[in-house]
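User: I would like to go through the labels attached to this model and see what each one rests on. Please take them one at a time.

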Amino acid sequence: MDDDKDDGNEEATRGAPVGRRVVLGLLGLGAAGVAAGPWLQRAQDAVVRNDPTGLTQALPGGGGFRYYSVTASVPERGEADYTLTVDGLVERPATLRLADLRALPQRRLVHDVQCVTGWRVPATPFEGVPLSALLDAAGVRPQGRAVRFGCFDGAYTESLTLEQARRDDVLVALRMQDAPIGHAHGGPVRLYVAPMYFYKSAKWLSTITVTDTVRPGYWERLGYDVDAWVGRSNGRDDEPTA
């Protein structure tokens, strides 16, 4: 993932051989990133997608994020083929394309991103549609108590209680660091749950399903806390995200 072990993914394809050209390319891109800044993010995302070695973690232009995935590869989706389905215990199921999501009112949040493995990226902007707005538009039925999130990597899942999902600081995010979210960072659309460890902010979001009870996600089934408040879960005492 572009991110952390938070969006709950272990580093992909460990131990793959590293060619000299790949190493030099990574180092060159990192040095350029220091001088050129955020506009190189898209180029760096392309390198990350083709680097299963983990060396991208050392890039100074990476903004402090790490790449993890629970699958060996993730298909890319974009304008032509991306869809987000809202279904389950709702009155009006819907399937939204990128243009539909962009046309909705957007909210911008700036908070620290905290990974449960310990690293933090301060003051990270995310922008997108409040999850509560999509739930309201779908019309949650009285039996609805929680929300389950599925991802188009085919493996990762997450969940929130309905109360958590309706918070003002939970987004269906389309932009990160003031640019469209790249594939390596979980784009084109990902979940963003500002006050929780980053594994709750599922990447490559494809389904939002209202359920009658919380369904533990990928990492929760492996022992992570379901309620992942920063500094108050998983045995950690990190400062709350600000």
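Analyst: The model is predicted. Gln 177 has a relative accessible area of 28% and is partly exposed.

User: Why is Gln 177 called partly exposed?

Analyst: Buried requires under 20% and exposed requires over 50%. Gln 177 is at 28%, so the label is partly exposed.

User: What is the phi of Gln 177, and where does the residue lie?

Analyst: Its phi is positive, about 55 degrees, although Gln 177 is not a glycine. The residue lies in the loop between E7 and E8; the hairpin of these strands has two residues between them.

User: What makes E7 and E8 a strand pair?

Analyst: Pairing needs at least two bridges. E7 and E8 have two, in the antiparallel sense, so they count as paired. In this pairing Met 176 stands opposite Ala 179 in E8.

User: Which other strands are joined to E7, and by how many bridges?

Analyst: Five bridges join strand E4 (residues 120-130) to E7, running antiparallel; here Phe 126 has Met 176 as its bridge partner. Four bridges join E7 to strand E9 (residues 190-193), also antiparallel, with Val 170 partnered by Val 193.

User: Why is Asn 234 called partly exposed?

Analyst: Asn 234 has 22% relative accessibility. The cut-off for buried is under 20%, so Asn 234 is not buried but partly exposed. Its phi is near 55 degrees, a positive value in a residue other than glycine.

User: Which peptide bond is cis, from Gly 187 to Pro 188, and what is its omega?

Analyst: The bond from Gly 187 to Pro 188 is cis, with omega near 15 degrees. Pro 188 is in the loop between E8 and E9.

Conventions. Residues numbered from 1 in each chain as written. Predicted model: local features only at pLDDT ≥ 70, side-chain atom pairs only at ≥ 80, totals over all residues. Heavy atoms only, no water. Buried < 20%, exposed > 50% of the residue type's maximum accessible area, 1.4 Å probe, protein only.
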